[in-house]
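This report describes selected side-chain features of one protein model.

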Amino acid sequence: MSFQRFDTSPPSSEQAGSKRPHLSVFRFASFQSTGRRPSQTPPAYTPNDVFATRNQRQAKVLHWLRIATAVITLLASVVVMACAGRTLTTYSSTRDNPEWILPVWPASVDLRPTHALVACGVILTISNLFYLVAALAPTPLRSLRTLNLIWTILAFLSVFLTIFTTAFASAINSHLSNSIEAGTLSSWTCRWEGFGAAAPGHFSEICAMTTAAFDLVILMIVIEVLSVLLAGWGWWVGARLKKAEGGSKGQGIAV
């Protein structure tokens, strides 16, 4: 095998006028002495910087998803509280109404399902307002670690509360659905739906409002399950930020 020798002499006048660079402009000595490429300027971003930036972007998306979920839950909770409270007010005002010769309500009306709906709405309203203040107000609570802790507690509390309220109200309504001496606001008023003008005028309103409140609580179970998933995502993002920052600094990052 033969080797061709490169001409490293200074370029001639013809070569200088040519656009093709002469071989002497390349630093072959640097390749021969070090065996590596010539030194280059370090990149503007290191892999750790790119990793941290990507996870900080995920933290921002997570933050606004939680805000949207909290706002939706807050609005639904206010509607549940308003509907259930309205039915209690209507029942109290019509229980001894002299418009009807015979009493329109049974001797025993179980208000526990309606009270449970009101309590569920109040607790969820307060808890979501608390999270929105902690997440949006310029307070020390805006660190990712603190918001993760608050959201996780509220998410599991909300899941338990909505499931318990749904099961509790369903059990009582089902137990009293066929009774002629007792009933709940929902079970008693909704059985009059097919009687038209023969039913008391406020019964359709009470039935519709109790049904709407109960259906919203069932819907909120799905929302709160998603909140639990968002809680897990938050801890995962926090762990990745901590790893990217090389310490506990990533967990204290503000969102």
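## Aromatic rings, a cavity and a disulfide

Phe160 has a relative accessibility of 55% and therefore counts as exposed, the threshold for that class being over 50%. The model in which this value was computed is a predicted one.

**Aromatic pairs.** In total, the structure contains 3 aromatic pairs. In one of them, the ring centres of Phe160 and Phe164 lie 6.1 Å apart and the ring planes meet at 15 degrees, so this pair is stacked; planes count as stacked when they are under 30 degrees apart. Both residues belong to helix H5, which covers residues 144-175, and because they are 4 residues apart, about one helical turn separates Phe160 from Phe164. Phe164, at 45% relative accessibility, is partly exposed.

Phe164 also pairs with Phe168: the centres of these two rings are 5.7 Å apart and their planes are at 15 degrees, so this pair is stacked. Phe164 and Phe168 are again 4 residues apart in helix H5, about one turn of the helix. For Phe168 the relative accessible area is 26%, which makes the residue partly exposed. Through ring pairs, Phe160, Phe164 and Phe168 are linked into a cluster.

**The cavity.** The structure holds 1 cavity of 30 Å³ or more. The space in the largest cavity amounts to about 90 Å³. Its lining includes Thr69, Thr73, Asn128, Tyr131, Trp151, Leu154 and Glu224. Two or more lining residues come from each of helix H3 (47-94), helix H4 (112-136), H5 and helix H7 (201-245). H5 gives the largest share of this lining, with 4 residues. By residue class, the lining of the largest cavity comprises 5 nonpolar, 6 polar and 1 charged.

The side chain of Thr152 is in polar contact with the side chain of Trp235, at 2.9 Å.

**Cysteines.** Which residues does the disulfide join? Cys190 and Cys207 form the link, with an S to S distance of 2.1 Å, and the structure holds 1 disulfide. The angle about the S-S bond is 105 degrees, and the link of Cys190 and Cys207 is right-handed.

| Residue | Relative accessibility | Class |
|---|---|---|
| Cys83 | 13% | buried |
| Cys120 | 1% | buried |
| Cys207 | 4% | buried |

**Helix H5 in summary.** Several of the features above involve H5. This helix carries the stacked pair of Phe160 and Phe164, and Phe168 is also in H5.

Technical notes:
Residues are numbered from 1 along each chain as its sequence is written. This is a predicted model: local features need pLDDT of at least 70, side-chain atom pairs count only at pLDDT 80 or more; totals for chains, interfaces and linings use all residues. Side-chain values use heavy atoms; hydrogens and water are left out. Rings of Phe, Tyr and Trp (its six-membered ring) pair if their centres lie within 6.5 Å; planes under 30 degrees apart count as stacked, over 60 as edge-to-face and the rest as tilted. Buried means under 20% relative accessible area, exposed over 50%, partly exposed in between (1.4 Å probe, protein chains only). On a 1 Å grid over the protein atoms alone, a cavity is a set of points where a 1.4 Å probe fits but cannot get out, and a pocket is an open set with protein on both sides within 12 Å along at least five of seven lines; lining residues have an atom within 4 Å of a point. Grid points are joined across faces, edges and corners, and a volume is the space filled by probe spheres set on the points. Ala, Val, Leu, Ile, Met, Phe, Trp, Tyr, Cys and Pro count as nonpolar, Asp, Glu, Lys and Arg as charged, and the others, Gly among them, as polar. A disulfide is a pair of cysteine sulfur atoms within 2.5 Å. A polar contact is a pair of N or O atoms within 3.5 Å; within protein, one must be able to donate a hydrogen and the other to accept it, and residues adjacent in sequence count only if both atoms are side-chain atoms.
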